[in-house]
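Me: I would like to learn how to read the cavities of a protein model, going slowly through one case.

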Amino acid sequence: MYISFPVCPDKMPGLQPWTPGHNEAHRVTIGYGRKVILTSSVTVHSIEILNGGKLVIADSNRPIFLRAKHILIGNKGELHIGSPECPYKGNLTISLFGRSDDTEVEHSYFGRKYIGVGTGGTLEIHGEKKLSWTFLNKTLHPGQGNENSYHFERSWGNRGIIIHVINPKTGDVLHTDRFDTYRSKDESRRLAQYVDEVETGQILAMVVNDEGSNNLEDLGMTVIDHMCMLNMCALCPSTVRPQASISIDTLSNCSVLELADEPQGWRFGDRIVVASTDYSMHQAEEFSILPCPSCTRNQIKVEGKPAYLHIGEEVDGVDMRAEVGLLTRNILIRGEMEPTCYGNEACKFFSFDTFGGHLKRGFRSVHVEGVEFKHMGQQSMGHYPVHFHMNGDVDKKGGYDPPTYVKDLSIHHTFSRCVTVHGTNGLLVKDVVGYDALGHCFFTEDGPEERNTFDHCLGLLVKASTLLPSDRDSKMCRDITNGAYPGYVAKPRQDCSATSTFWMANPNNNLINCAAAGSEETGFWFIFHHVPTGPSEGMYSPGKSEHTPMGLFINNRAHSNYRAGMILDHGVKTTEANAKDKRPYLSLVGARYSPHQDADPFKPRVPALVHHFVAYKNQDHGAWLRGGDVWLDDCQFADNGIGLTLASGGTFPDDDGSRQEVKNTLFVGESRNRGMPDLIDQSWGPGGLDHLGRSLPRGKVCIGSEIKYCKPLHGCHCRLPCRDFPIRGMQIYDGPINIQNCTFRKFIALDGRHTSAFGFRLNNSWQSCPNNNVTDITFDDVPITSRVFFGEPGPWFNKMEMDGDKTTVFHDIDGSVSEYPGAFLVKEDNWLLRHPDCIDIPDWRAAICSGHYAQIYVQTRNPANLNMKMVKDEYPDKPLELVGALGKRNHYQQFQPVVMLGKGYTMHWDQAAPAEVTIWLINFNRNDWINIGICYPKGTEFTIISDIHNRLTKETRKTGVFMRTTQREKMGHSHQTRGYYYWEEDTGLLFLKIKAHNEKEDFAFCSVKGCERVKIKALIPPGSGPSDCMAEAYPRYTEMPVIDVPMPKKLPRSKLVRFKLKLKER
């Protein structure tokens, strides 16, 4: 419940003055209805407010400095500093002191060095309203300050004090005069009057020629001295010889920043930070504000020149303006720090003291705004700058009116996060700047946190921390073994390395107008707790978070992140380490997201909507989003290693029938934002349409058996530079995905570097859905050769021997990519999908084809470590060799080829045929079919059935049996309950007609009744050799290629001509 004051809190009647003085041993208790007001600075050991006690800080003209080891607000205790109606206007510093190795017993809940709000406590802090952050509205170049600089040189003439009044914007001399103060005292008085009448903001340049002090009265001298003290004159009095030439140069060590908004409340001396607009987050720069009478309402002057380029404009259609955040507030809560790290495990990783202050809440009423937090947080669990801990519903649902909030905060140089929301729902976090933080900055913790809103929050320069596996970098991940099973060797890229600016442990939270402007890993990360963890254990049923609809995600932006702007994927391990799973608790694990109404997978789907997301200059990905229905609209991706990847399940979409889509979105390969050389922290090399130098994404490199991202500042020894990383706009992975009405701009391949608007997941072992489709695609400054690239053996692509590398496909519905409406683009050497009229596009390593396509999943057991060769009867000399998706140590293997329907195929093995084969019909509609011949050793006996498997309910229903026939043509007379197989022992081929009997929905992999399957159990003679029947099968079963679906007609030539002319004009 919020306590409202009709007047300012420090004007309330009944407050007793309190001046305890300075004594670090003094323990203060304010209780039993005592209400006091602090009017002067104080140092005490601690302050405890409880049992009706109230402490109010006076809003004084004099700064107040309050030092204490801790402040504890207990039951019915209150601390008030200003109010919403009466913000605190003075300068207040609350300084928390103490060391982690103090001998005093720490509080069992709050620990040390804290402001703690216990159950039933009230904390109200309301500082001055200031603009929290805005955007740079004019580009700031390194070494320049956007000031008008001029060089003025002229002979100054005769004896006396000569003055020039100069327009600072144009350099024009507005007026000149000479004052012969050597001859006359009247001239001295005229000088004083003249200077007094010069308009504020003009440059006043003066010089003494020959002699001017003889009759210079005190009034004139005072004016000159005052001008020099304020730095108002370009040249102060000095004796020079007649006819001296003087240069007036207005260059100074300051810069003018043009902002998108009026910087309300920003004052002389305040500190600001300007975000990086390049790949390296370390290009963020701090400045101090200077007085600037000549600045417009949206300008500020700062001390110093920028070392880096900071973009302040839209570039190639993408808003790349640097964020400018305010760090200074009139209320400061800070931790007092030791000069170096001391006495704890964190010193292995940090040279500085990390034992800051912290603020933790379990309260009756808390509203905090207009506060600066500096040197807060500790490298230990539960001690963060701002921490809402197990507070439940803190909005109107929980009886809080107005709802609990933290607003207008500057949290910087912190040692453990920025704002932590733990077991708390309905909190408003608004207009908060988090800068230079260790660990996830805006952090939701256990999984049940819902309905919290992060509105217009900015986080930047977010670094690794020791707290959780997900906070840790590679070195921390290996060195910190607590929680792991004895002997476990960490795998940093799998277990850890996820430091993020916004860490969302539950999708049902709102992110609006937020910016993630530089993290050691990722900007926004949606992570899943299969069950709630920590003290939240048991708050929801297993799997609920993976089905919970996403809250609002609108108008957010991410840039300068080493890994990705946004990730929606993965979960955390919710069990302790054990012999079966040796990884530490809360390590990263796999998870799949499929949002449904009421988090119930049996109810209708609710798409997760990502609207107007901007991602640029992220080293690896603009966004990697895995799930069921994840839809993007009106987004912008530029200068990322890979713009966007939409992933489903790798093998199956976990939410069959769902789809992912991106619409009305702009992808830019290499924009006019070239960045600048910074070889310590990013690559530099040729790129773009003009092949000039620019900063480049590094992506990731393989060192030994581990994938690492190039981050030299953080202990990664990398192959440098990574100039050949294949830049892609839209990376097509598994699917199904729909890409509609998107523009691709400035993608162009260079010698030695493959760049393309559309590309595919590298080193991919998983399936590729033929229902992946594109429509209404526009290319701008993209040569036809760079529209698509399917990959080739070489750097980054390796040998292109994984199954997914060979089976890539997508459907060009309107021909806007290939210029053949309705065509499919397939890998050039995948002859399972080709026919004689397919058109090879060598630059794409692709072919444009037509046909009806689907997939089969071939699961094999006993053995599972074999390879499969699949041959289309029309092209027996061009087999597709598959190694399987699951690795050779798995208990079963899965092959996932795309097939052309209505054709015949044979399968062969590099070992004895498997004893169990299950063929899943994927993306087959009713009556779709293929003929399959599977190679087995002579003497094999078979049991073959069909069934339907419901992947949601995990139920399987037998639908029919296959009987042996001696007439191969009889296979065509199969129906659902009875089919026929033909075993031709002399060739070793088992023939089946695989046919779907049920309808399926548009984007479903399986039918409306479930996944139709054929299961073959074979009794294979012992000692059988490899089951490769190629020599026996062909040419016996070779067929003439038949084109079932004619190739579409190419779009009119005039369209291609217009496209080429447009490129030429540009």
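The dialogue below goes through the cavities of this structure.

Reply: This is a predicted model, in which local features need pLDDT of at least 70 and side-chain atom pairs count only at pLDDT 80 or more, while totals for chains, interfaces and linings use all residues. Residues are numbered from 1 along each chain as its sequence is written, and side-chain values use heavy atoms, with hydrogens and water left out.

Me: What is a cavity, and how many of 30 Å³ or more are found in the whole structure?

Reply: On a 1 Å grid over the protein atoms alone, a cavity is a set of points where a 1.4 Å probe fits but cannot get out, and its lining residues have an atom within 4 Å of a point. Points are joined across faces, edges and corners, and the volume is the space filled by probe spheres set on them. Here the search finds 8 cavities of 30 Å³ or more. The largest cavity has a volume of about 210 Å³; among its 22 lining residues, Ser-946, Phe-962, His-975, Lys-995 and His-997 are the closest to its centre.

Me: Which element gives the most to the lining of the largest cavity?

Reply: Strands (E, at least two residues) and helices (H or I, at least four) are DSSP runs, numbered from the N terminus. E76 gives the most, with 4 residues, and strands E75 (941-950) and E77 (978-984) are among the others that give two or more.

Me: What volume does the second largest cavity have?

Reply: The second largest cavity has a volume of about 110 Å³, and E60 supplies the largest share of its lining, 3 residues.

Note on methods: On a 1 Å grid over the protein atoms alone, a cavity is a set of points where a 1.4 Å probe fits but cannot get out, and a pocket is an open set with protein on both sides within 12 Å along at least five of seven lines; lining residues have an atom within 4 Å of a point.
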